[in-house]
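Subject: Structure for you, with notes

Hi,

Here is the structure I promised. My notes follow below it.

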Amino acid sequence: MLFLIDIFFFMEYTIKVNKKSDTFCKLKFCKTLCSYHNTARGAINMKTNHKELHNWIKEMAVMCQPDNVVWVDGSREQKESLEKEALSTGELMPLDQNKWPGCIYHRTAVNDVARTENLTYICTKRKEDALPNNNWMSPEEGYKKAGAIFKGSMKGRTMYVIPFSMGPIGSPFSKIGVELTDSIYVVLNMLIMTRVGPEVLAELGPDGEFTRGLHGKADLDLERRLILHFPEDNTIWSVGSGYGGNVLLGKKCLALRIASWMARNEGWLAEHMLIMGIENPAGNVEYVAAAFPSACGKTNLAMLVPPDFLKDQGYRVWTVGDDIAWLRIGDDGRLRAINPETGFFGVVPGTNAKSNPNALETIRKNTIFTNVLLTDDGDIWWEQGDDPPPPEGTAWDGTRWKPGLEDRNGNYIHGAHPNSRFTSPVTQCPSISPEWDNPEGVPISALIFGGKRSKLAPLVYESFSWQHGVFLGATMASERTAAQYGKLGEVRRDPMAMLPFCGYNMGDYFSHWLKMGKRIKHPPRIFHVNWFRTDENGNFLWPGFGENLRVLKWILDRTNGKKEAIKTPIGYLPSINSLDLDGLDVTTATMERLVEVKIADWERELQDIKKHFSQFGEKLPQELRDELHSLERRLEKSRHAVG
C-alpha cells in the first residue's frame with residue numbers, strides 16, 4: 001500500500017512540474033521510485049519515520065532524476081565502499097599509503113577552485129532583508145532558476161542522502177541538516193566535517209526541524225552555477241560546483257549564512273571564529289574566540305604551539321575549532337561557544353613545521369587533499385611547505401609541472417593551487433581540547449577581531465566597551481585572500497570576517513550584536529589584533545606564529561585585571577613593557593612601531609569608515625554612529641594636542 005501511495009505521489013508531482021506527463025519516461029521514473037522505496041526501507045532501519053523528510057527527498061528525486069537514492073549511514077563499511085567506487089571512476093585518486101595512510105586526492109574543475117561569492121545569493125521575500133552585503137534573489141526566481149538546472153541533472157548518477165548534525169547530537173547549541181548530493185567527494189568530506197548516522201535521525205524524531213540541503217554537480221559550468229540560501233524556508237540549493245566551500249552545505253552555507261539568520265531570531269551568535277583555550281602554568285584554561293578572514297591565519301592560531309620560553313613555564317594551547325563558533329549565553333551569565341564541526345577544511349600552501357606543526361601532524365593520515373600537486377609515485381607537494389619541489393608532477397589543474405615553470409607573462413605557475421585544501425578529522429589534531437565537543441560549550445573570556453593591515457592597525461588594542469568592540473568588528477578590514485573570489489591583495493572591509501557569510505542585512509546584524517551585549521551578564525572583553533604590520537621594505541615587524549601567544553597572554557591578563565594599558569583615540573594599547581618579550585629578538589624601536597597610532601592615517605581611515613557605514617542607510621544602529629563621532633572627536637583632540 002505504501003508503495004502505491006508513493007507512486008501516486010510521484011505521478012501527481014510529475015504532472016505538476018513537467019506539464020508533459022504523456023511523454024515522461026515511466027520506466028526511468030519507476031526505476032528511480034523503486035530505488036528510493038528500497039533505500040527508504042534502509043532509512044526505517046536507521047529509525048526514522050519523519051514523513052516530511054521522506055516527502056522532501058522524493059520531491060527532489062523527481063526533479064533531479066537520479067538512477068539510485070542511497071542513504072549515508074556513517075558506517076566504516078559504507079565509507080570504504082564509496083572510496084573504492086570513487087577511485088574506480090577517477091573522482092578520487094590514490095596516494096602512497098605508506099606515506100599518507102588513509103589519505104586520498106581530489107582535483108576540482110579549473111573553473112571551480114574557490115567560493116564564488118558573485119554567484120552566491122540570499123533568497124528572501126524582501127530585498128532589504130538581504131542587502132547590502134549579499135546578492136539577492138527572490139525565492140520564486142531562485143527556485144525556478146536553480147530548478148531548471150537541477151532538472152534531470154542526476155540522470156545516470158546516484159543521489160546520496162546525508163543526515164548530519166552540526167554540533168554534538170542533542171546539545172542545545174546543535175542543528176540538524178540533511179544534504180542530498182550526487183558527489184561521493186561531498187559525502188566523504190561531510191563524514192569528516194559533521195556528525196553523520198542513525199543517531200542524527202533518532203535525535204530528529206518523527207517531526208523535528210531540519211535544514212534542507214540540495215547539491216548537484218550538474219555540468220560544472222560557471223554560467224550554470226548557483227549557491228542559493230532560502231533562510232525563510234531553512235533551505236540551501238547549490239548547483240554547478242564541486243568546490244568544498246560551495247558544496248559542503250553544513251559548513252559556510254548552514255553554519256554561517258542560515259545559522260546567522262536563526263541566531264538573530266533565537267538570540268545567539270553564529271560567527272566566523274576560531275575557538276582556542278590557553279592554559280597557564282597553574283593549570284587554568286581560559287578560552288577566546290577570534291575572527292579573521294579566510295586564509296589569514298585562523299587555523300595557525302587555533303593550533304598554535306607556544307614558543308619554548310612560554311612552554312617551559314607551563315603554557316599550553318588547546319584547539320576547540322579553527323573556523324566557526326556558535327555562541328550562546330550560558331546559565332552562568334557568560335558567553336559560551338561550541339565548534340559545530342568535526343573536521344578541518346584548511347588551506348594547504350604555507351602549512352609547514354614553522355607555521356603550523358600541529359596541522360602537519362593532523363593531516364598525515366585519513367585526509368582528503370584537494371588541488372595540491374600530485375607526483376607520479378602517489379606523493380603530494382605544495383608551495384611554502386617543508387619539502388623541496390619534486391623534479392616533476394601533475395599540477396592542480398591536471399597539467400604536467402616542474403619547478404621554474406612560468407606562463408607567457410613570466411608569472412610563476414603554481415604546482416598546488418593557492419587555495420588547495422585538506423579535510424581532516426579534528427580528533428587527529430595533537431592540540432585538540434578535551435572540551436572540544438562539550439555540549440554546553442566553553443566559556444569565552446575574550447573576543448578578538450583581526451585583520452591584515454600592513455600600515456594602520458597596531459599589534460593589539462582593546463575596546464573601551466562592548467559597544468565600542470562591536471564598532472571595531474564592524475569596521476575591520478583585510479587584504480583579499482586566495483580563498484575569496486576576486487583580486488588578490490585588494491583591501492576590503494570585512495565586518496567580523498562575516499561579509500561573505502552573514503545571511504541577512506548587516507545593519508540588522510550589528511544591531512543583534514549590540515542587543516546580545518546588553519543580555520550577557522558577564523560579557524567577554526573585545527580586542528583587535530594585527531600580526532601583519534610591515535616596515536618600509538615590506539618585512540613583517542612582528543614574528544607571528546607561536547609568538548602570538550605573547551599577545552594572547554596580554555589579552556587574558558587584561559581580562560583578569562592584571563595589566564595596565566595606555567588609553568589612545570582608538571582603544572587601550574599595551575605599554576612597551578607590558579608585553580612579555582623575554583627571549584624574543586624584537587627591539588624597543590620595533591615595538592614602538594608595532595603599537596604606534598598615527599593620527600593622520602586614522603583620520604583617513606575615519607573617512608573610509610564613513611563611506612563603509614553609508615551603505616547601511618537607516619539600518620545602521622545609532623550606537624555605531626555615536627562610536628564613529630566619538631572616534632572623530634578623540635582623533636581631533638589628539639591632533640590638536642600634538643600640534
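Helices are DSSP runs (H or I, at least four residues), numbered from the N terminus. This is a predicted model: local features need pLDDT of at least 70, side-chain atom pairs count only at pLDDT 80 or more, and totals for chains, interfaces and linings use all residues. Residues are numbered from 1 along each chain as its sequence is written, and side-chain values use heavy atoms, without hydrogens or water.

Confidence comes next. The chain averages a pLDDT (the predictor's confidence in each residue, from 0 to 100) of 92. At least 70 is reached by 90% of the residues. Over residues 1-30 the pLDDT is below 50. Where pLDDT is low, the predicted coordinates should not be read in detail.

Now the cavities. A cavity is a set of points on a 1 Å grid over the protein atoms alone where a 1.4 Å probe fits but cannot get out; lining residues have an atom within 4 Å of a point. The structure holds 4 cavities of 30 Å³ or more. A volume is the space filled by probe spheres set on the points, which are joined across faces, edges and corners. The largest cavity has about 140 Å³. It is lined by 17 residues; Tyr461, Thr475, His528, Trp602 and Glu605 are the closest to its centre. Helix 13 (466-475) and helix 17 (599-614) each supply at least two lining residues. Helix 13 gives the largest share, 4 residues.

Last, Lys251. This residue lies in helix 9 (residues 250-266).

Best wishes

How values were computed:
Contact = heavy atoms within 4.5 Å. 1 Å grid on protein atoms, 1.4 Å probe; cavity = no way out; pocket = protein on both sides within 12 Å on 5 of 7 lines; lining within 4 Å.
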